[in-house]
Amino acid sequence: RWNIVNHEMTAKYTDKHRCYGEDMRMIAKDIVRYIHAANGKMLATEHQERLQLIGKILDNCSLMLEYIQICLDLEIISVERAGTWTKKVRDVQYMSMSWRKNDGARAKKIQAEERASVEGWLVSMVKDAIRQIKAGK
């Protein structure tokens, strides 16, 4: 038997089902990696990259839930263990959904401010050009 350890989440996989355990372990690592990477991005300047990473977290949470269901269907893990794991993944998923919603709203505000600034600059440039043309006549 082979053990996959992910903090207190442990399951025994036979050699026949080892790929599920290995895949789940890699998905869990990716989730942690994306959380860390997204948290390292500055919302004010890197909002698109940050939102993309949060999207990857959510994609991996969905994938992990599918793996849990497959393992349950194949009777690799018990209903109790599947419930425990599902709750843990759902907790991360819900927190990430909230994070995306909040950062998405803040990113839209930042983009609107940037757009207004550029538009203000353009209006100022056009006005200056018109003044210079009028002054030259």
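1. Leaving aside neighbours within four places in sequence, which residues is valine 89 in contact with? In this predicted model, the partners are Cys61, Met64, Leu65 and Ile68.

2. Val89 also belongs to the largest nonpolar core, a set of 22 residues. Val89 is among the residues with the most contacts inside this core. The others named with Val89 are Met24, Met64, Ile68, Cys71 and Ile77. The largest share comes from α2, with 10 residues.

3. Glutamine 93 sits in helix α3. Is glutamine 93 buried or exposed? Glutamine 93 counts as buried because its relative accessible area is 8%, under the 20% limit. Not counting residues up to four places away in sequence, Gln93 touches Leu58, Cys61, Ser62 and Leu65.

4. The side chain of Gln93 makes polar contacts. One is with the side chain of serine 62, at 3.5 Å. Another joins Gln93 to the side chain of arginine 90, at 2.7 Å.

5. Now the cysteines. How many disulfides does the structure hold? The count is 0. Take cysteine 19: the closest cysteine sulfur is that of cysteine 71, 8.5 Å away. That is too far for a bond, because a disulfide needs the two sulfur atoms within 2.5 Å.

6. Exposure of two cysteines is also on record here. Cysteine 19 is partly exposed, at 41% relative accessibility. Cysteine 61 is buried, with a relative accessible area of 0%. Cys61 is in contact with Val89 and is touched by Gln93.

Technical notes
Residues numbered from 1 in each chain as written. Predicted model: local features only at pLDDT ≥ 70, side-chain atom pairs only at ≥ 80, totals over all residues. Heavy atoms only, no water. Core = buried A, V, L, I, M, F, W, Y, C linked by side-chain atoms within 4.5 Å. Buried < 20%, exposed > 50% of the residue type's maximum accessible area, 1.4 Å probe, protein only. Helix = DSSP H or I, 4+ residues; strand = E, 2+ residues; numbered from the N terminus. Contact = heavy atoms within 4.5 Å. Polar contact = N/O pair within 3.5 Å; in protein donor to acceptor, adjacent residues only side chain to side chain.
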